[in-house]
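This report describes selected features of a single chain, with attention to its sheet, its helices and a few individual residues. The structure is shown below.

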Amino acid sequence: VPLGVWVRFPPEVQNIMSSNKKKLNLDIVWFKRDLRTLDNISLEIAANSSNPVLFIYLFEPTVMNYPDYDSRHLRFIYESLLDIEKKFKSYSLKLNLLKCEAQEFFEEISKKYNVNQVLSYQEIGNNLTFERDMYLLDFFKKNNIKWIQHKTNGVIRGLKSRKDWKKKWVDEMNSKISLSDLNLIDKTEVDIPKKIKSYSLNIINDKNFQPGGETYAWMYINSFLKERHKGYTKNISSPINSRTSCSRLSPYITYGNVSSKQVYQFFSKSKNRDIRSFLSRLQWRCHFMQKFDDEPSMEFDNINTAYNSIRNEYNKDLIFKWKEGKTGIPIIDACMRCLDKTGYLNFRMRAMIVSFAAFNLWQNWKNFSHFLARKFLDYEPGIHYSQIQMQSAVTGINTVRIYNPIKNSVLLDPDGQFIKKWVSELKFIPKEYIHEPWKMTKIEQEMYNFSINENYFSPIIDIEKSRKSASEKIWEIRKGLKSKIYANKIIKKHVNS
């Protein structure tokens with residue numbers, strides 16, 4: 001063809017030429033439950049790579065529509081991402097917030113770029129995210145994409161034996177903190193495929209909830225070390241004092257605003273009794289995440305199948321009143337209302353509301369596990385399902401604990417401060433009746449301008465009778481051969497550490 005003559009090739013030839021054009025190499029950092037810039041191995045690898053780097057967080061519609069997801073989780077995640085964005089801007093880096101399924105994103109980006117490696121942390125998530133990751137693992141292999149997944153909180157994926165697990169966990173917690181110079185990251189601009197849409201959220205601040213982000217995480221860490229840890233051991237079970245005496249780090253660890261390793265190393269040199277007690281619970285937390293990773297079916301199934309024959313009747317009315325904090329048992333109602341408005345309850349109160357639903361109301365944990373997952377701001381699947389099964393006594397290996405809400409109320413909220421804060425109907429009831437207002441005589445009710453059926457609720461269940469009935473049913477199964485056989489298998493698999 002003479003110089004200067006324009007030649008228009010047919011479309012099929014143009015497509016071949018276009019596909020043969022060398023695509024730009026690309027590394028992708030996929031933020032999941034590792035929403036931090038410090039101790040983030042993905043960032044360290046990206047800083048040492050010669051390829052352009054694309055930073056993404058994917059708001060996946062299927063994940064957001066799953067029954068364990070709530071707007072409180074979305075807000076916390078988004079606040080955490082804004083905090084990363086702020087830090088990235090000082091390095092001229094961009095974090096892309098995208099709304100699409102992970103499968104769709106990686107399929108589209110692979111058409112446009114030669115994806116060299118995807119960097120992320122392992123997610124000890126629900127069944128949905130597990131299946132998504134299995135699909136992506138296959139997709140990456142077929143497309144010659146290296147997927148580097150880092151350990152989360154010392155959990156060992158594919159663990160064959162729990163022998164020496166605790167020692168391995170301590171070794172992991174004492175290992176080197178990852179450092180990265182974000183200035184070294186290649187800043188070549190990367191275009192997002194047009195099919196993939198950006199995501200933004202108009203955040204409405206709610207001071208009742210802890211705000212998300214690495215910056216806030218370290219504020220909580222420092223305030224706990226400086227002052228708030230005093231009385232931790234004493235106040236850990238108190239529904240009102242625990243709100244300040246406990247570390248309150250759980251949502252920040254859940255979404256990876258800080259790693260367990262960072263927290264462990266920050267506090268490990270302290271000899272203070274309260275701090276040491278706190279660290280033991282950090283290890284306990286990861287132990288349950290390891291259990292769930294080893295047996296993810298516990299999101300849906302009893303870990304001990306001998307208990308499949310019980311709690312098969314669903315009482316919609318009882319569960320509704322429990323969810324709404326209208327059971328007529330003040331401490332239970334205060335807990336449920338507090339959880340709804342703040343996303344937080346201390347461990348003892350969490351165990352008690354599960355015990356009440358499972359034993360006193362005799363409801364299957366499967367009927368309320370996703371509800372509680374939506375309510376807990378710090379919802380961590382690995383802890384959530386393990387604990388709910390434990391507190392419902394369907395493991396066959398743990399102590400059967402049927403919490404008496406009245407005894408716990410008198411012991412842990414003696415003056416009714418917590419109750420009065422969250423159950424406003426009882427604000428003017430004297431402390432001698434605050435735990436059992438139905439015991440007030442008609443004259444006493446008139447004295448306080450209060451009516452048990454008009455201003456509050458009568459108990460929806462007889463606590464003592466329901467406790468006795470539940471205990472008999474549970475122990476009948478627990479003493480049986482089938483329960484013992486499965487219990488031995490569970491101990492062999494999960495307890496030998």
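Two strands are said to pair if DSSP finds at least two bridges between them. On that basis, isoleucine 28 has valine 118 in S4 as its bridge partner. The model discussed here is predicted.

**The sheet**

An open sheet is formed by 6 strands in the order S5-S4-S1-S2-S3-S6, with mixed pairing. Its edge strands are S5 (146–150) and S6 (197–198), each of which pairs on one side only. Strands of a sheet pair through backbone hydrogen bonds, in either a parallel or an antiparallel sense.

Strand S4 comprises residues 114–121. S4 and S5 run parallel and are joined by 5 bridges; across this pairing, serine 120 stands opposite glutamine 149 in S5. S4 also pairs with S1 in the parallel sense, over 5 bridges. Of the 8 residues of S4, 6 are buried, so the strand is largely enclosed by the rest of the structure.

**Helices on the sheet**

Which strands does helix H5 touch? Helix H5 (residues 102–112) packs on the sheet and touches S1 (25–31), S2 (53–59), S3 (95–99) and S4. The direction of H5 makes about 150° with that of S2. Helix H6, in turn, lies across S1, S4 and S5 and runs at about 140° to S5.

H6 spans residues 127–142 and includes leucine 137. This leucine has a relative accessible area of 30% and is therefore partly exposed. Together with Phe130 and Met134, Leu137 makes a nonpolar surface patch of about 260 Å².

**An enclosed helix**

The buried residues are Ser260, Lys261, Gln262, Val263, Tyr264 and Phe267. They pack against helices H7 (165–173), H8 (214–228), H11 (250–254) and H13 (273–294).

**Residues with positive phi**

Most residues other than glycine have a negative phi. Aspartate 164, which is not a glycine, has a positive phi of about 65°, and asparagine 449, also a residue other than glycine, has a positive phi near 50°.

| Residue | Loop | Relative accessible area |
|---|---|---|
| Aspartate 164 | between S5 and H7 | 43% |
| Asparagine 449 | between H22 (442–447) and H23 (463–478) | 70% |

With a relative accessible area of 43%, aspartate 164 is partly exposed.

**Isoleucine 477**

Isoleucine 477 is placed in helix H23. Why does isoleucine 477 count as buried? Its relative accessible area is 15%, and buried means under 20%, so the residue falls in the buried class. Leaving aside neighbours within four places in sequence, isoleucine 477 is in contact with Ala306, Tyr307, Ser309, Ile310 and Ser483. Threonine 327 lies 150 residues from isoleucine 477 along the chain, and the C-alpha atoms of these two residues are separated by 28 Å.

How values were computed
Residues are numbered from 1 along each chain as its sequence is written. This is a predicted model: local features need pLDDT of at least 70, side-chain atom pairs count only at pLDDT 80 or more; totals for chains, interfaces and linings use all residues. Side-chain values use heavy atoms; hydrogens and water are left out. Patches are made of residues with over 30% relative accessible area and no salt bridge: like charges are joined within 9 Å, nonpolar side chains (Val, Leu, Ile, Met, Phe, Trp, Tyr) within 5 Å. Accessible areas come from the Shrake-Rupley method with a 1.4 Å probe; for residues, only the protein chains shown count as cover. A salt bridge is a side-chain nitrogen of Lys or Arg within 4 Å of a carboxyl oxygen of Asp or Glu. Helices (H or I, at least four residues) and strands (E, at least two) are DSSP runs, numbered from the N terminus. Buried means under 20% relative accessible area, exposed over 50%, partly exposed in between (1.4 Å probe, protein chains only). Contact means heavy atoms within 4.5 Å. Axes are lines fitted to C-alpha atoms, for helices over the stretch in contact, and angles run from 0 to 180 degrees between N-to-C directions.
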